[in-house]
Amino acid sequence: MSAATDGNLPDERILRTSPLRKLLARPELGSVVGALAVLLFFAVTADGFLRAASLSTVLYASSTIGIMAVPVALLMIGGEFDLSAGVLVTSSALVSSMFSYQMTANTWVGVGVSLLVTLAIGAFNGFVLTRTRLPSFIVTLGTFLMLTGMNLGFTKLVDGTVSTKTIADMEGFPSAHAVFASTLTLGGVDVRVTVLWWFGLVALGSWILLRTRAGNWIFAVGGNQDAARAVGVPVARTKIALYTGVAFGAWISGQHLLFSFDAVQSGEGVGNELIYIIAAVIGGCLITGGYGSAVGSAVGALLFGMTSKGIVFAEWNPDWFKFFLGAMLLLATLLNAWVRKRAEATK
C-alpha cells in the first residue's frame with residue numbers, strides 16, 4: 001500500500017515529527033525555562049544558594065509540595081480539581097495520631113486506619129461528583145468546610161485541645177518515622193525521605209499518563225468527557241480513581257507531618273490546596289483539563305521551593321514571597337500559552 005493518500009498528500013498517521021516540534025509540544029517546557037531562570041537568578045543574588053546543603057533544603061521544601069502536586073496535576077488533566085486537598089493532609093495525620101494514642105495501639109495500626117479513612121474521603125469526593133454532576137468546585141468546597149470543622153471539633157472532643165498528644169514514645173514510632181520523616185545521607189549530603197517519595201510519585205504518574213490505558217482515559221476525560229463516554233471510556237471510574245489518588249498523596253503528606261513533629265495542630269493545611277494547584281498550573285496543566293504532565297508538576301513544585309528558600313538565602317523580606325509566587329503563576333501561564341501556540345503553529 002502506498003504511503004500517500006488520494007491527491008498525493010502524505011498520511012498524517014505516518015508523518016515524522018521533528019525534535020523541535022516534540023519539544024514545543026511538551027507541557028512542562030515553559031516551567032522548565034522558568035525554573036532555569038529562577039535558579040540562575042538566585043545563584044547570582046543569593047550567597048550560598050548553590051551549596052549542597054542549600055539545594056538539599058530547596059529539594060525538601062519542593063518535595064512537601066510536590067508529593068501533592070503530582071496527583072493534583074493528574075486530577076486537573078482529568079478536568080477536575082480538589083479544594084479539600086490541603087485540609088485532607090491534616091485529617092490524615094489527625095486520624096493516625098488519635099487512633100494510635102486513644103487505642104494505645106502500635107503506630108502502624110493508626111497509619112493503616114488513616115490510609116483507609118483518607119482513601120474513603122477521596123473516593124467520596126469522586127462518587128458525589130460523578131453521581132450529582134455538580135462542579136468539582138462545589139463538591140470539594142463542601143468537603144473542605146466539613147473537614148476543617150471535623151479536624152478542629154474531633155481534636156478538641158478527643159484530646160481536649162486543638163493539637164494531638166505526642167506519640168513519640170509509642171511502639172512503632174521509630175520505624176514509621178524512618179519511612180515518612182527520616183533524613184538520609186547520600187554522597188555526603190542530607191536528603192529528606194520525602195524527596196524519594198516525591199520522585200517515586202513523579203515516576204509513577206508519568207508512567208500512568210504515558211504508558212497505560214488509564215492515562216489515555218485521563219486525557220480523554222479531561223479533554224471532552226461526553227466524547228470520551230461515547231467511545232467507551234469509564235468516565236465515573238476514572239474520576240473516582242483520580243480523587244482517590246489525591247487522597248493517597250494526602251496520606252503520605254499527613255504521615256510525614258505527624259512523624260516529623262510527633263503531634264499535629266488541627267488547624268493546619270488551610271490554604272495549601274491553592275499551592276498544590278498553583279504548582280500544577282505553573283507546570284503546564286490547564287484549568288480546563290486535558291493537558292499537562294506529572295513532570296511539569298514536579299518542576300512547578302521545584303519553582304515553589306527555589307523561590308521560598310531563595311528569598312531567605314538572599315535575606316529579603318519574606319513578606320514578598322506571595323508576590324513572587326503570583327508573578328510566577330502569571331508568567332508561567334502566559335509562557336505556557338505561548339508555547340502551545342508555537343507548537344500548534346508548527347504542525
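Which side chain meets Glu80 in a salt bridge? Keep that in mind as you go through these close-ups, which all come from a predicted model.

**View 1. Lys239 and Glu80 join up across the chain.** The partner is Lys239: its side chain and that of Glu80 meet in a salt bridge, 2.5 Å from N to O. This pair ties together distant parts of the chain, with Lys239 in helix α11 and Glu80 in the loop between α3 (52-77) and α4 (85-102), 159 residues apart. Lys239 has a relative accessible area of 6%, so it counts as buried. Glu80 is buried too, at 11% relative accessibility. Side chains of opposite charge can pair when their charged atoms come close.

**View 2. Asp226 and Arg229 pair up within helix α10.** A search of the whole structure turns up three salt bridges, and here is another one: the side chains of Asp226 and Arg229 meet at 3.3 Å, N to O. Both sit in helix α10 (residues 225-230), three residues apart, or about one turn of the helix. An α-helix has 3.6 residues a turn, so residues three or four places apart point the same way. Asp226 is exposed at 51% relative accessibility, while Arg229 is partly exposed at 34%.

**View 3. Asp159 meets Lys165.** This salt bridge has an N to O distance of 4.0 Å. Asp159 is buried, at 9% relative accessibility, but Lys165 is partly exposed, at 33%.

**View 4. Thr238 is tucked into helix α11.** Look for Thr238 in helix α11 (residues 235-261). With a relative accessible area of 7%, Thr238 is buried. Its side chain reaches the backbone oxygen of Pro234 at 2.8 Å. Setting aside neighbours within four places in sequence, Thr238 touches Trp217, Ile218, Val221 and Val233.

View 5. Helix α6 (residues 136-159) gives the largest share, five residues.

**View 6. Strands β1 and β2 make a hairpin.** Strand β1 (residues 183-186) pairs with strand β2 (residues 189-192) in the antiparallel sense, over four bridges. Leu186 stands opposite Val189 in β2. Two residues lie between the strands, and Gly187 in the turn has a positive phi of about 60°.

**View 7. Helix α12 is mostly covered.** Nine of the 11 residues in α12 (residues 272-282) are buried, including Glu273, Tyr276 and Ile282. After the helix comes Gly284, with a positive phi near 110°.

Conventions
Residues are numbered from 1 along each chain as its sequence is written. This is a predicted model: local features need pLDDT of at least 70, side-chain atom pairs count only at pLDDT 80 or more; totals for chains, interfaces and linings use all residues. Side-chain values use heavy atoms; hydrogens and water are left out. Two strands pair if DSSP finds at least two bridges between them. Buried means under 20% relative accessible area, exposed over 50%, partly exposed in between (1.4 Å probe, protein chains only). A polar contact is a pair of N or O atoms within 3.5 Å; within protein, one must be able to donate a hydrogen and the other to accept it, and residues adjacent in sequence count only if both atoms are side-chain atoms. Contact means heavy atoms within 4.5 Å.
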